[in-house]
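Hi,

Here is the structure I said I would pass on. Have a look at it first, and then read on for what turned up.

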Amino acid sequence: MAHAYSPPTLDALVILGAQIATARRGRRWTAAELAERAGISLTTLRRAEQGAPSVAIGVVFELATLVGVPLFGQDASGLRAARSRAMDLLALLPQRVRETSREIDDDF
């Protein structure tokens, strides 16, 4: 059964794929050259550039990095700082979220 993706997810995938294709062409790299640099097949590269949701996120992020597309609008040092902030925030939250077993009495 195929997974149904939300329109914002599909839009984001198409945008990132187009940014990768644009940056690759701007560097005057062929699709075959980028696929070789990334260690993926030409078919996988084409699917990533088209925004296919089945391409692994790590592959798409590596392609973006190779052609210079900033991830999350950050350069490498900014991305490291954002990662650190995200991990700090995550450390403040409970490790597990459990379903509440008691019924909430909201009858006033």
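This is a predicted model: local features need pLDDT of at least 70, side-chain atom pairs count only at pLDDT 80 or more; totals for chains, interfaces and linings use all residues.

At what angle do the axes of helix 1 and helix 4 cross, and within what distance do they come?

**Helix 1 and helix 4**

The axis of helix 1, which covers residues 7–26, comes within 9 Å of the axis of helix 4, residues 57–67. The two axes cross at roughly 35°, and the crossing is left-handed. On the helix 1 side, the contact is made by Leu-16, Ile-20, Ala-23 and Arg-24. Helix 4 brings Val-60, Phe-61, Leu-63, Ala-64 and Val-67 to the contact. Sorted by class, that gives 8 nonpolar residues, 1 charged and no polar ones.

**Arg-24**

Is Arg-24 buried or exposed? Its relative accessibility is 7%, so it counts as buried, the cut-off for buried being under 20%. If you set aside the neighbours within four places in sequence, Arg-24 is in contact with Trp-29, Thr-30, Ala-31, Leu-34, Leu-45, Glu-49 and Val-67.

**The largest pocket**

Next, the empty spaces. Rolling a probe the size of a water molecule over the atoms shows where empty space is left. The largest pocket has a volume of about 150 Å³. Its lining is made up of Leu-13, Leu-16, Gln-19, Ala-52, Pro-53, Val-55, Ile-57, Val-60, Phe-61, Pro-70, Leu-71 and Phe-72. Helix 1 and helix 4 are the elements that give two or more residues to this lining. By class, the lining has 11 nonpolar residues, 1 polar and no charged ones.

**The largest cavity**

How many cavities of 30 Å³ or more are there? The count comes to 1. The largest cavity has a volume of about 40 Å³, and it is lined by Leu-13, Leu-16, Gly-17, Ala-48, Gly-51, Ala-52, Val-55 and Val-60. Helix 1 gives the most to this lining, with 3 residues. The lining divides into 6 nonpolar and 2 polar residues, with no charged ones.

**Two positive phi values**

Most residues other than glycine have a negative phi. Arg-28 has a positive phi, near 65°, and sits in the loop between helix 1 and helix 2 (31–38). With 73% relative accessibility, Arg-28 counts as exposed. Phe-72 also has a positive phi, near 55°. You will find Phe-72 in the loop between helix 4 and helix 5 (76–92).

**Val-59**

Last, a residue of helix 4: Val-59. At 23% relative accessibility, Val-59 counts as partly exposed. Apart from neighbours within four places in sequence, Val-59 is in contact with Ile-40 and Thr-44. From Val-59 to Leu-10 there are 49 residues in sequence and 17 Å in space, C-alpha to C-alpha.

That's the lot. Over to you!

Conventions: Residues are numbered from 1 along each chain as its sequence is written. Side-chain values use heavy atoms; hydrogens and water are left out. Axes are lines fitted to C-alpha atoms, for helices over the stretch in contact, and angles run from 0 to 180 degrees between N-to-C directions. Helices (H or I, at least four residues) and strands (E, at least two) are DSSP runs, numbered from the N terminus. A crossing is left-handed if the near helix is turned anticlockwise from the far one by less than a right angle, and right-handed if clockwise. Contact means heavy atoms within 4.5 Å. Ala, Val, Leu, Ile, Met, Phe, Trp, Tyr, Cys and Pro count as nonpolar, Asp, Glu, Lys and Arg as charged, and the others, Gly among them, as polar. On a 1 Å grid over the protein atoms alone, a cavity is a set of points where a 1.4 Å probe fits but cannot get out, and a pocket is an open set with protein on both sides within 12 Å along at least five of seven lines; lining residues have an atom within 4 Å of a point. Grid points are joined across faces, edges and corners, and a volume is the space filled by probe spheres set on the points. Buried means under 20% relative accessible area, exposed over 50%, partly exposed in between (1.4 Å probe, protein chains only).
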